[in-house]
Amino acid sequence: MTANRFSAATAIGAGLLVAAGLAIGSGAAERGVRAASDPLYVAECGSCHLAYPPGLLPAQSWRALLGGLDDHFGDNAELDEIGRRQILAYLEENASRRKRDFGAGGDAVLRITATRHFRHEHDEIPARLVADNPGVGSFSRCDACHADADRGRFDEDTVRIPGHGRWDD
(Lines give C-alpha, C1' and ligand atoms only; values in the text may rest on other atoms or scores of the structure.)
Protein backbone atom coordinates (compact mmCIF):
# COMPACT_ATOMS: atom_id res chain seq x y z
CA MET A 1 0.00 0.00 0.00
CA THR A 2 2.74 2.49 0.90
CA ALA A 3 4.47 1.99 -2.46
CA ASN A 4 1.15 2.56 -4.28
CA ARG A 5 0.46 5.79 -2.33
CA PHE A 6 3.98 7.00 -3.09
CA SER A 7 3.53 6.20 -6.79
CA ALA A 8 0.19 8.01 -6.91
CA ALA A 9 1.62 11.05 -5.12
CA THR A 10 4.65 11.06 -7.41
CA ALA A 11 2.42 10.82 -10.49
CA ILE A 12 0.19 13.68 -9.28
CA GLY A 13 3.21 15.83 -8.45
CA ALA A 14 4.80 15.14 -11.81
CA GLY A 15 1.52 15.97 -13.54
CA LEU A 16 1.33 19.31 -11.73
CA LEU A 17 4.90 20.15 -12.72
CA VAL A 18 4.18 19.29 -16.36
CA ALA A 19 1.01 21.41 -16.31
CA ALA A 20 2.91 24.33 -14.79
CA GLY A 21 5.61 23.99 -17.42
CA LEU A 22 3.01 23.97 -20.21
CA ALA A 23 1.38 27.10 -18.82
CA ILE A 24 4.70 28.92 -18.67
CA GLY A 25 5.75 27.64 -22.08
CA SER A 26 2.46 28.72 -23.66
CA GLY A 27 2.87 32.30 -22.52
CA ALA A 28 -0.04 32.05 -20.08
CA ALA A 29 2.10 33.08 -17.12
CA GLU A 30 3.84 35.88 -19.02
CA ARG A 31 0.79 37.79 -20.30
CA GLY A 32 -2.16 35.98 -18.84
CA VAL A 33 -3.59 34.95 -22.22
CA ARG A 34 -4.11 31.60 -23.81
CA ALA A 35 -3.81 30.99 -27.50
CA ALA A 36 -7.02 30.79 -29.48
CA SER A 37 -8.19 27.19 -29.35
CA ASP A 38 -11.76 27.06 -30.64
CA PRO A 39 -11.56 25.39 -34.08
CA LEU A 40 -14.40 27.43 -35.58
CA TYR A 41 -12.96 30.73 -34.32
CA VAL A 42 -9.48 29.85 -35.54
CA ALA A 43 -10.81 28.77 -38.96
CA GLU A 44 -13.20 31.69 -39.52
CA CYS A 45 -11.29 34.61 -38.00
CA GLY A 46 -7.84 33.17 -38.59
CA SER A 47 -8.50 32.92 -42.31
CA CYS A 48 -8.06 36.71 -42.61
CA HIS A 49 -5.87 37.66 -39.66
CA LEU A 50 -4.31 36.26 -36.51
CA ALA A 51 -6.97 34.54 -34.43
CA TYR A 52 -6.27 36.86 -31.52
CA PRO A 53 -6.20 35.27 -28.08
CA PRO A 54 -9.63 35.97 -26.53
CA GLY A 55 -7.98 37.20 -23.32
CA LEU A 56 -6.70 40.32 -25.07
CA LEU A 57 -10.13 41.99 -25.00
CA PRO A 58 -13.03 42.12 -22.54
CA ALA A 59 -16.34 40.42 -23.33
CA GLN A 60 -18.02 43.77 -24.12
CA SER A 61 -15.50 44.32 -26.91
CA TRP A 62 -16.00 40.87 -28.39
CA ARG A 63 -19.79 41.37 -28.32
CA ALA A 64 -19.46 44.68 -30.17
CA LEU A 65 -17.05 43.21 -32.72
CA LEU A 66 -19.21 40.20 -33.48
CA GLY A 67 -22.30 42.41 -33.59
CA GLY A 68 -20.90 44.40 -36.49
CA LEU A 69 -19.34 41.82 -38.78
CA ASP A 70 -21.06 43.31 -41.84
CA ASP A 71 -18.53 46.17 -41.54
CA HIS A 72 -15.54 44.61 -39.79
CA PHE A 73 -12.91 47.34 -40.22
CA GLY A 74 -14.07 47.91 -43.79
CA ASP A 75 -14.66 44.26 -44.72
CA ASN A 76 -17.76 42.12 -44.68
CA ALA A 77 -16.93 39.25 -42.31
CA GLU A 78 -20.48 38.08 -41.66
CA LEU A 79 -21.00 34.57 -40.34
CA ASP A 80 -24.08 32.41 -40.21
CA GLU A 81 -25.94 33.02 -36.95
CA ILE A 82 -25.12 29.63 -35.41
CA GLY A 83 -21.40 30.07 -36.09
CA ARG A 84 -21.45 33.66 -34.83
CA ARG A 85 -23.12 32.61 -31.58
CA GLN A 86 -20.68 29.72 -31.07
CA ILE A 87 -17.67 31.98 -31.61
CA LEU A 88 -19.12 34.71 -29.40
CA ALA A 89 -19.76 32.23 -26.57
CA TYR A 90 -16.14 31.05 -26.79
CA LEU A 91 -14.77 34.61 -26.84
CA GLU A 92 -16.96 35.76 -23.93
CA GLU A 93 -16.00 32.73 -21.83
CA ASN A 94 -12.29 33.39 -22.39
CA ALA A 95 -12.34 37.20 -22.47
CA SER A 96 -10.18 39.44 -20.32
CA ARG A 97 -11.51 40.62 -16.99
CA ARG A 98 -8.58 42.96 -16.33
CA LYS A 99 -9.01 46.74 -16.31
CA ARG A 100 -5.83 47.17 -18.34
CA ASP A 101 -7.55 45.55 -21.33
CA PHE A 102 -10.15 48.32 -21.57
CA GLY A 103 -9.73 51.73 -23.17
CA ALA A 104 -8.34 54.82 -21.47
CA GLY A 105 -11.75 55.79 -20.05
CA GLY A 106 -12.53 52.28 -18.87
CA ASP A 107 -14.73 51.67 -21.90
CA ALA A 108 -14.74 48.55 -24.02
CA VAL A 109 -12.72 49.03 -27.20
CA LEU A 110 -12.99 47.59 -30.69
CA ARG A 111 -9.25 47.34 -31.24
CA ILE A 112 -6.66 45.53 -29.15
CA THR A 113 -4.34 48.40 -30.04
CA ALA A 114 -6.64 50.76 -28.10
CA THR A 115 -6.31 48.95 -24.77
CA ARG A 116 -4.33 50.62 -22.01
CA HIS A 117 -2.05 47.60 -21.73
CA PHE A 118 -1.23 47.54 -25.44
CA ARG A 119 -0.51 51.28 -25.50
CA HIS A 120 1.75 50.95 -22.46
CA GLU A 121 3.69 48.04 -23.94
CA HIS A 122 4.15 49.66 -27.37
CA ASP A 123 4.56 53.34 -26.47
CA GLU A 124 8.28 53.49 -27.32
CA ILE A 125 8.06 51.87 -30.74
CA PRO A 126 8.26 54.51 -33.49
CA ALA A 127 5.62 54.49 -36.24
CA ARG A 128 8.34 54.14 -38.89
CA LEU A 129 9.06 50.63 -37.58
CA VAL A 130 5.41 49.59 -37.81
CA ALA A 131 2.99 51.64 -39.92
CA ASP A 132 5.70 52.78 -42.33
CA ASN A 133 7.24 49.30 -42.47
CA PRO A 134 5.96 47.15 -45.39
CA GLY A 135 6.88 44.03 -43.39
CA VAL A 136 4.48 45.03 -40.62
CA GLY A 137 2.03 47.71 -41.82
CA SER A 138 -0.01 48.03 -38.64
CA PHE A 139 0.19 47.49 -34.91
CA SER A 140 -2.74 45.09 -35.34
CA ARG A 141 -0.42 42.61 -37.06
CA CYS A 142 0.92 41.12 -33.81
CA ASP A 143 2.29 38.09 -35.63
CA ALA A 144 4.55 40.26 -37.81
CA CYS A 145 6.85 40.93 -34.82
CA HIS A 146 5.74 38.35 -32.24
CA ALA A 147 6.58 35.02 -33.88
CA ASP A 148 4.66 33.08 -31.21
CA ALA A 149 1.55 35.31 -31.20
CA ASP A 150 -0.55 32.41 -32.47
CA ARG A 151 0.40 30.56 -29.27
CA GLY A 152 -0.50 33.50 -27.03
CA ARG A 153 3.13 34.44 -26.39
CA PHE A 154 3.97 38.13 -26.48
CA ASP A 155 7.24 38.11 -24.56
CA GLU A 156 9.16 41.30 -25.37
CA ASP A 157 12.44 39.38 -25.35
CA THR A 158 11.41 37.56 -28.52
CA VAL A 159 10.23 40.56 -30.57
CA ARG A 160 11.78 40.77 -34.03
CA ILE A 161 10.66 43.71 -36.16
CA PRO A 162 10.96 42.98 -39.90
CA GLY A 163 13.68 45.11 -41.46
CA HIS A 164 14.92 46.16 -38.02
CA GLY A 165 15.66 43.05 -35.98
CA ARG A 166 15.35 42.50 -32.24
CA TRP A 167 13.52 45.23 -30.35
CA ASP A 168 15.15 46.29 -27.10
CA ASP A 169 13.56 49.01 -25.04
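## Ser61 and its contacts

In this predicted model, Ser61 is in contact with Ala108, Val109 and Leu110, its neighbours within four places in sequence being left aside. Ser61 has its place in helix 4. Its relative accessible area is 1%, so Ser61 counts as buried, the limit for which is under 20%.

## The largest pocket

The largest pocket holds about 720 Å³ of space. It is lined by 30 residues, of which Cys45, His49, Tyr52, His72 and Phe73 are the closest to its centre. By type, the lining is made up of 17 nonpolar, 7 polar and 6 charged residues.

Three helices each supply at least two residues of this lining: helix 3 (39-45), helix 4 (59-67) and helix 7 (142-145).

## Nonpolar cores

The largest nonpolar core has 25 residues, and those that touch the most other members are Tyr41, Tyr52, Trp62, Leu66 and Leu91. Helix 3, helix 4 and helix 5 are the elements that give two or more residues to this core. Apart from it lies another core, of 9 residues, including Leu129, Cys145, Val159 and Ile161.

When residues up to four places away in sequence are not counted, Tyr52 touches Ala36, Tyr41, Trp62, Ile112, Ser140 and Cys142.

## Aromatic pairs

The whole structure contains 3 aromatic pairs. In one of them, the ring centres of Tyr41 and Trp62 are 6.4 Å apart and the planes lie at 80°; the pair is therefore edge-to-face, a class that requires an angle over 60 degrees. This pair links distant parts of the chain, with Tyr41 in helix 3 and Trp62 in helix 4, 21 residues apart. Both Tyr41 and Trp62 are buried. Ring pairs also join Tyr41, Trp62 and Tyr90 into a cluster.

Phe118 and Phe139 form an edge-to-face pair as well, at 5.9 Å centre to centre and with 85° between the planes. Phe118 belongs to helix 6 (residues 116-122) and Phe139 to the loop between helix 6 and helix 7, so this pair ties together parts that are 21 residues apart in sequence. Phe118 is buried, with a relative accessible area of 9%, whereas Phe139 is partly exposed, at 27%.

## Gly83 in helix 5

Gly83 lies in helix 5 (residues 81-93) and is buried, with a relative accessible area of 8%. Gly83 and Glu44 are 39 residues apart in sequence, and their C-alpha atoms are 9.0 Å apart in space.

Definitions and conventions:
Residues numbered from 1 in each chain as written. Predicted model: local features only at pLDDT ≥ 70, side-chain atom pairs only at ≥ 80, totals over all residues. Heavy atoms only, no water. 1 Å grid on protein atoms, 1.4 Å probe; cavity = no way out; pocket = protein on both sides within 12 Å on 5 of 7 lines; lining within 4 Å. Points joined across faces, edges and corners; volume = space filled by probe spheres on them. Helix = DSSP H or I, 4+ residues; strand = E, 2+ residues; numbered from the N terminus. Nonpolar A, V, L, I, M, F, W, Y, C, P; charged D, E, K, R; others polar. Buried < 20%, exposed > 50% of the residue type's maximum accessible area, 1.4 Å probe, protein only. Contact = heavy atoms within 4.5 Å. Core = buried A, V, L, I, M, F, W, Y, C linked by side-chain atoms within 4.5 Å. Phe/Tyr/Trp six-rings, centres within 6.5 Å; stacked < 30°, edge-to-face > 60°.
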